[in-house]
Amino acid sequence: KVEKEMQELRWQFLKTHNNSVVGILAALDILYSVGSSYTREEIHRVLNTVDSSLHGEPSYKELTELAENMYPVAKGEKYMDIELTDETGKTVHLSDYVKPGQYNMLEFWASWCGPCMREMPNVVKLYKECKGKNFEILGISLDSSKEAWLGAVKKNNMKWPQVSELKMWVSEPAKLCNVRGIPYTVLLDPDGKVIALGLRGEELITKI
């Protein structure tokens, strides 16, 4: 509720300062705060609210670059296929796991992430309830140690498929999905389009 009120204040500030550099900072704050949960049209609306007289500012360039990075995972967009590395070190593709005709969830996590470990029982519960019911999860670890990654998978009884480039935040999946904090989820519909982002806890279970 507080975040929603803050976002309304950010928008109000942007609209009343859209011809000032501080307005661009408000626009950046809007996009950073929503992660990548906006549609492509909503992202464009943020950009278009900034007055054209500021398009030469360095901060506006940062704003447009952030917006471009958000497009691939904006709501309503279809996922982009990329190369991944599975638990055996084999190169695979996202499309190997995202099967058409079923709901698919990309789950970003890491063994060193306390909130991820606290959230994991909810994901395990979800998987037990929905496994085989037109639903699949793909775990994408942001670990740097293969031992720590696979150790956490075993310890937490994570039975769903797992991949990791062992590159932490600079891994391709993390960059593609504009991941800025974990745990983080991307929910795809049976057509492979993004329908929800950043779900956790009971909200995640209820949505699925």
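Predicted model: local features only at pLDDT ≥ 70, side-chain atom pairs only at ≥ 80, totals over all residues.
**I182 and its surroundings**

Setting aside residues up to four places away in sequence, I182 touches F108, W109, A110, W112, C113, P115, C116, L142, W169 and R200. I looked up where I182 sits, and it is in the loop between α7 and β6. Is I182 buried or exposed? I182 has a relative accessible area of 10%, and since the cut-off for buried is under 20%, it counts as buried.

I also checked a distance along the chain. S144 is 38 residues away from I182, and their C-alpha atoms are separated by 15 Å.

Next I looked at the peptide bond that joins I182 to P183. That bond is cis, with omega at about 5 degrees. P183 is in the loop between α7 and β6. I noted the background too: most peptide bonds are trans.

**The cores**

I182 came up again when I looked for nonpolar cores. How many residues does the largest nonpolar core have? The largest one has 46 residues, and L106, F108, I182 and V186 are those with the most contacts inside it. I then listed the elements that each supply at least two residues of this core: β3 (103–109), α5 (114–130), β4 (135–141), α6 (146–155), α7 (172–176), β6 (184–188), β7 (194–197) and α8 (201–207). Which of them gives the most? That is α5, with 7 residues.

There is a second, separate core of 20 residues, and A26, A27, Y38 and A74 are among its members.

**Helix α5**

I gave α5 its own page. It has 17 residues and reaches 25 Å from its first C-alpha to its last, which is close to the 24 Å expected at 1.5 Å a residue. Where does α5 bend? I found a bend of about 35 degrees at M120, with a proline, P121, following within four residues.

For burial, I wrote down C116, E119, M120, V123, V124, L126, Y127 and C130 as the buried residues in α5. So M120, the place of the bend, is also on the buried list, by the cut-off of under 20% relative accessible area. What covers these buried residues? The cover includes β3, β4 and α8. After the helix comes G132, and its phi is positive, near 80 degrees.

**Cavities**

The largest cavity holds about 90 Å³ of space. What lines it? I counted 14 lining residues, and M80, L94, L106, L176 and C177 lie nearest the centre. L106 was already in my notes as one of the residues with the most contacts inside the largest core. Three elements, β3, α7 and β6, each supply at least two residues of the lining.

**Y103 in β3**

I moved along β3 to Y103, which lies in that strand. Y103 is partly exposed because its relative accessibility is 36%, between the 20% and 50% cut-offs. Leaving out neighbours within four places in sequence, I found Y103 in contact with N134, F135, E136, L188, D189, P190 and I195. I also looked at L204, which is 101 residues from Y103 along the chain; their C-alpha atoms are separated by 13 Å.

**S59 in α4**

S59 took me to helix α4, residues 58–70. Buried or exposed? S59 counts as buried because its relative accessibility is 13%. Beyond its neighbours within four places in sequence, S59 is in contact with V21, I24 and L28.

**Two positive phi values**

My last stop was the loop between β5 and α7, which holds M168 and also L166, with β5 being residues 162–163. M168 is not a glycine either, and its phi is positive at about 55 degrees. I put both down as worth a look because most residues other than glycine have a negative phi.

L166 counts as partly exposed at 29% relative accessibility. M168 is partly exposed too, with a relative accessible area of 28%.

Technical notes:
Residues numbered from 1 in each chain as written. Heavy atoms only, no water. Core = buried A, V, L, I, M, F, W, Y, C linked by side-chain atoms within 4.5 Å. Buried < 20%, exposed > 50% of the residue type's maximum accessible area, 1.4 Å probe, protein only. Contact = heavy atoms within 4.5 Å. Expected span 1.5 Å × (residues − 1). Bend = angle between axes of the 7 residues up to and from the residue. 1 Å grid on protein atoms, 1.4 Å probe; cavity = no way out; pocket = protein on both sides within 12 Å on 5 of 7 lines; lining within 4 Å. Points joined across faces, edges and corners; volume = space filled by probe spheres on them.
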